[in-house]
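Here are some notes for a colleague who is opening this entry without having seen it before. Please read them with the structure in view.

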Amino acid sequence: MTLAEILSRLDSDAAGEQPFSLRAGHVTVTVYAPEPLRSQLKTYFRDVIVPPDRTALTVRLLPGQSLPFEPDWSDWRRETGKSGRKDAIFDLGDARLVRKVRSGVTFVQSSDIAIALGPLEENESTAINFINTQILNKCLREGWQLAHAAAVTDGNRTLAISGLSGGGKSTSILRMMDLESTRFLSNDRVLIKQGNPPRALGIPKHPRINPGTILGNPRLTHMLTKERVAELKSLPASELWELEEKYDLMVPEVYGPKKLQLKGPLTDFWVLNWSRQSDTPTSISPVSLPDRPDLLAAIMKSPGPFHQHSDGSFEPNGSQPDPEAYLEALSGVTVCEVCGRVDFDALALKGKALFDG
């Protein structure tokens, strides 16, 4: 079955005729979605909504619809350290079909088509991620590199923080948000590009944080009930650290309407290589990134199954990012390694010195 045949069997008009548009940096995406999903998404993206732009990248969300045939799916190979089935793909040549294995949400992705099908109203975060994926796709085709990082900026200086999954980058970056001068740029995906100075671009995705992050920051404890706080405080520290229980932190609601800025000059990059078992005080030391492939690996992020290259080809299954492209993008950025014991208070003080200095 061809892409044209699939499109002819879908009811694209069900997405409605009243789109909304959102912007991240220089990229605008226009979204067509039926109610109530449309209103839910507009509420989520309200801080980056711009006047409708029908010339922008277009996403159509079609809840309840499905493909007219069942593809012979292939599992998308996950990155090192990740287990379990997450995505499956089927290539049509000029398009790629992607399915979220757990939810059953299915996507049709090509150079000028982005459609999501299935139980979208029950999986709003999946729809949000798909919209943001279109921003990533456009920037990657323009030569940006995707970093697995969180970041804040004050407009003159931008600090990005990477680390292995569960290393504390979300907690670290939210502690930096307590500084008066900083604004939220991104929680998990940062696009970086060489320049004078190098540039950083975030996507409009609010942090999804675990209870450990919430308990460690008095500003956030209102996100949990008193009963849940008491339950969590009774857990051993090691168990709390590993607990996966996601909560959406809406940045403007917690930090204020002027604490969101999705772009900035990339000046500093910290890689968390600390340990909860260490007795050594937390330290931050400059490194030569070409000499530290272990730290570079923590920064690099595969573009994933949705990415279509400028020549029309899709990201191959199991491909790895190009280290040289990241080294070029990070040329001129001060990269530091964070070592010693995990100490968010100490890290926050280092951040204050960086931005106040």
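Predicted model: local features only at pLDDT ≥ 70, side-chain atom pairs only at ≥ 80, totals over all residues.

1. Nine strands make up an open sheet with mixed pairing, and their order is β3-β1-β2-β4-β9-β8-β7-β6-β5. At the edges stand β3 (49–50) and β5 (74–75), each of which has a single partner strand, so one side of each is left without a neighbour in the sheet.

2. Within this sheet, strand β7 (residues 96–100) and strand β8 (residues 106–109) run antiparallel and are joined by four bridges. Arg99 stands opposite Thr106, which belongs to β8.

3. Helix α3 deserves a look of its own. Its 18 residues reach 26 Å from the first C-alpha to the last, which is close to the 26 Å expected at 1.5 Å a residue. After α3 comes Gly143, which has a positive phi, near 100 degrees.

4. The largest nonpolar core has 61 residues, and those with the most contacts inside it are Leu22, Val31, Leu41, Phe45, Leu61 and Phe269. Helix α3 (residues 124–141) supplies the largest share of this core, namely eight residues. Apart from this core lies another, of 31 residues, which includes Leu224, Leu232, Val254 and Leu354.

5. What does Phe269 touch, not counting residues up to four places away in sequence? Its contacts include Ala147, Leu159, Ile161, Ile299 and Leu330, and among them are also Val333, Val335 and Cys336.

6. The structure holds seven aromatic pairs. In one of them, the ring centres of Phe69 and Phe90 lie 6.0 Å apart with the planes at 70 degrees, and because an angle over 60 counts as edge-to-face, the pair is edge-to-face. This pair links distant parts of the chain, 21 residues apart, with Phe69 in the loop between β4 (57–63) and β5 and Phe90 in strand β6 (residues 87–91). Phe69 is partly exposed, with a relative accessible area of 23%, and for Phe90, also partly exposed, the value is 23%.

7. The rings of Phe107 and Phe130 have their centres 4.6 Å apart and their planes at 35 degrees, so this pair is tilted. Phe107 lies in strand β8 and Phe130 in helix α3, 23 residues apart, and the pair thus links distant parts of the chain. Both Phe107 and Phe130 are buried, and together with Phe306 they form one aromatic cluster.

8. Finally, Arg60 lies over the face of Tyr32, at 4.2 Å from the ring centre.

Notes
Residues numbered from 1 in each chain as written. Heavy atoms only, no water. Core = buried A, V, L, I, M, F, W, Y, C linked by side-chain atoms within 4.5 Å. Buried < 20%, exposed > 50% of the residue type's maximum accessible area, 1.4 Å probe, protein only. Helix = DSSP H or I, 4+ residues; strand = E, 2+ residues; numbered from the N terminus. Contact = heavy atoms within 4.5 Å. Pairing = 2+ DSSP bridges. Expected span 1.5 Å × (residues − 1). Phe/Tyr/Trp six-rings, centres within 6.5 Å; stacked < 30°, edge-to-face > 60°. Lys NZ or Arg CZ within 6 Å of the ring centre and 35° of its normal.
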